Amino acid sequence: METVLNAYHIKVKKICASCKHKENLNDGSRQCTKTGQIVEQKHVCSGWKMNDGLRNAGLQKGAVVRLKGTQIVLIK
């Protein structure tokens, strides 16, 4: 499985799940809007293009996050 880097050096797997042309149908299957085929999650075609959300992953837009204290979360 091939990975590519976005503009902010985040690794993205080059599969249908990360493609701009995928559409999730009501029955849970995926359809490629470019070819019209029903495809699997890990399918990749020559028309793959990174979706907008992953293209912007790692972009902070100037936000500064400050933590006040420590919080412990226990999962049982």
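This is a predicted model: local features need pLDDT of at least 70, side-chain atom pairs count only at pLDDT 80 or more; totals for chains, interfaces and linings use all residues.
1. For Cys19, which is in no disulfide, the nearest cysteine sulfur belongs to Cys45, 5.9 Å away. Cys45 is in no disulfide either, and its nearest cysteine sulfur is that of Cys32, at 4.9 Å. The cut-off matters here: a pair of cysteine sulfur atoms must lie within 2.5 Å to be called a disulfide.

2. Cys19 has 7% relative accessibility, so it counts as buried. Cys45 has 30%, and therefore counts as partly exposed.

3. Overall fold. The protein holds one helix and five strands. Followed along the sequence, the pattern is β-β-β-β-β-α.

4. The sheet. Three strands form an open sheet in the order S3-S4-S5, and the pairing is antiparallel. Strands S3 (22–24) and S5 (38–39) are at the edges; each has a single partner strand, so one side of each has no neighbour in the sheet. Strand S4 (residues 30–32) is antiparallel to S5 and is joined to it by two bridges. Gln31 has Ile38, in S5, as its bridge partner.

5. Burial and surface. Of the 76 residues in the protein, 20% are buried.

6. Contacts. Among contacts between residues at least 6 apart in sequence, 53% join residues at least 24 apart.

Conventions
Residues are numbered from 1 along each chain as its sequence is written. Side-chain values use heavy atoms; hydrogens and water are left out. Buried means under 20% relative accessible area, exposed over 50%, partly exposed in between (1.4 Å probe, protein chains only). Two strands pair if DSSP finds at least two bridges between them. Helices (H or I, at least four residues) and strands (E, at least two) are DSSP runs, numbered from the N terminus. Contact means heavy atoms within 4.5 Å.
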